[in-house]
Amino acid sequence: MSELFDLPSDLQNSYLGLVALHLRIALLPVLAGLLVALPIAQLCVRLRWLYPPVLWVTTVLYAVPSLAFFVVLIDYTGLSELTVMIPLAVYSLVVFVPALVDGVRSVPRETLDAATAMGFGPVRRYLQVQLPIAAPAVIAGLRVASVSSISLVSVGMLIGNQGALGNLLNSGMIYHQPRLIWLSVVGTAVLAILVDAALILLRALVTPWMPKGAVR
């Protein structure tokens with residue numbers, strides 16, 4: 001069994017090390033994208049005319065191939081993890097912005113009026129009333145963005161072995177070892193499934209009022 005996970009020395013990492021690296025490169029941009037999307041979504045809710053152009057911009061950025069992003073960023077960030085992570089954060093915006101806007105807009109007007117009557121300002125009302133009620137939509141966006149990011153990290157193998165588990169694809173082709181290719185493909189798929197399952201569990205914990213069928 002140990003031979004199955006033996007990796008070429010040029011990867012300078014164990015299999016579990018590559019798994020941890022893959023998760024870091026994939027999930028940190030998702031969290032960064034969520035933090036950027038929160039104020040943007042609030043602006044879109046308050047200024048309805050702003051939503052269509054913001055959605056158009058995020059959609060156009062999502063359509064830019066990752067390799068094109070790499071070519072532009074390499075001059076500034078070099079052959080580093082950051083070169084892979086920045087496009088992943090940008091891609092996540094096309095998921096988070098509409099999810100947050102739709103979630104926040106679904107909050108009943110009566111709930112907002114009650115929060116205002118209790119002395120909640122716009123920021124406090126957004127953080128303590130609107131976002132908690134919009135949690136199902138936010139977590140749904142997290143699921144899509146996380147799984148997409150985990151799958152896209154492997155493209156980083158094209159720029160200085162920054163693809164984590166994706167590096168095994170390159171090594172498998174170089175050394176003619178299908179075992180490495182399978183380790184990469186299966187490992188990436190399992191990671192995506194586990195992260196998605198963890199987010200489903202998180203949703204069940206933070207939204208206990210949701211019907212169990214809806215959580216599944």
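This is a guided tour of a predicted model, stop by stop.

**Before you start**

Number residues from 1 along each chain as its sequence is written. Because the model is predicted, local features need pLDDT of at least 70 and side-chain atom pairs count only at pLDDT 80 or more, while totals for chains, interfaces and linings use all residues; side-chain values use heavy atoms, with hydrogens and water left out.

**Stop 1: the whole chain**

Show the protein chain as a cartoon. It has 10 helices and 0 strands. Both are DSSP runs, numbered from the N terminus: helices are H or I with at least four residues, strands are E with at least two. Read along the sequence, the pattern is α-α-α-α-α-α-α-α-α-α.

Now colour by accessibility. Of the 216 residues, 44% are buried. Buried means under 20% relative accessible area, exposed means over 50%, and partly exposed lies in between (1.4 Å probe, protein chains only).

Turn to contacts (heavy atoms within 4.5 Å). Among those between residues at least 6 apart in sequence, 71% join residues at least 24 apart.

**Stop 2: the annotated segments**

An unreviewed UniProt entry lists residues 15–41, 53–76, 82–101, 133–160 and 180–202 as "transmembrane region". The positions are in the numbering used here, feature names are shortened, and annotations may be inferred rather than shown by experiment.

Select 53–76. This stretch is 92% helix and 0% strand, with its end C-alpha atoms 28 Å apart. Then select 82–101. Here the chain is 100% helix and 0% strand, and the end C-alpha atoms are again 28 Å apart.

**Stop 3: the aromatic cluster**

Select Tyr-62, Phe-69 and Tyr-91. These three form one aromatic cluster. The structure holds 2 aromatic pairs. Rings of Phe, Tyr and Trp (its six-membered ring) pair if their centres lie within 6.5 Å; planes under 30 degrees apart count as stacked, over 60 as edge-to-face and the rest as tilted.

Start with Tyr-62 and Tyr-91. Their ring centres are 5.4 Å apart and their planes stand at 75°, so this pair is edge-to-face. Tyr-62 lies in helix H2 (residues 51–63) and Tyr-91 in helix H4 (residues 81–105), so the pair ties together parts 29 residues apart in sequence. Tyr-62 is partly exposed, at 41% relative accessibility. Tyr-91 is buried, at 7%.

Now take Phe-69 and Tyr-91. This pair is edge-to-face too, with 5.7 Å centre to centre and 70° between the planes. Phe-69 lies in helix H3 (residues 66–77) and Tyr-91 in helix H4, so the pair ties together parts 22 residues apart in sequence. Phe-69 and Tyr-91 are both buried.

**Stop 4: further along H4**

Go to Val-95, also in helix H4. Leaving aside neighbours within four places in sequence, Val-95 is in contact with Gly-141, Val-144 and Ala-145.

**Stop 5: the salt bridges**

Side chains of opposite charge can pair when their charged atoms come close. The structure holds 2 salt bridges, each a side-chain nitrogen of Lys or Arg within 4 Å of a carboxyl oxygen of Asp or Glu.

Select Glu-81 and Arg-24. Their side chains meet in a salt bridge of 2.5 Å, N to O. Glu-81 lies in helix H4 and Arg-24 in helix H1 (residues 15–46), so the pair ties together parts 57 residues apart in sequence. Glu-81 is partly exposed, at 23% relative accessibility. Arg-24 is partly exposed, at 40%.

Next, select Asp-196 and Arg-143. This salt bridge is 2.7 Å, N to O. Asp-196 lies in helix H9 and Arg-143 in helix H7 (residues 135–152), so the pair ties together parts 53 residues apart in sequence. Asp-196 is buried, at 18% relative accessible area. Arg-143 is partly exposed, at 24%.

**Stop 6: along H9**

Select helix H9, residues 178–206. Its 29 residues reach 42 Å from first C-alpha to last, close to the 42 Å expected at 1.5 Å a residue. That expected span is 1.5 Å times one less than the number of residues. Buried residues in H9 include Leu-180, Gly-187, Leu-191, Asp-196 and Arg-203.

Zoom in on Ser-184, also in H9. Ser-184 is buried, at 1% relative accessibility. Not counting residues up to four places away in sequence, Ser-184 touches Leu-165, Gly-166, Leu-168 and Leu-169.

**Last stop: a charge over a ring**

Select Arg-124 and Phe-120. The charged end of Arg-124 sits over the ring of Phe-120, 3.9 Å from its centre. The test is NZ of Lys or CZ of Arg within 6 Å of the ring centre and within 35 degrees of the ring normal.
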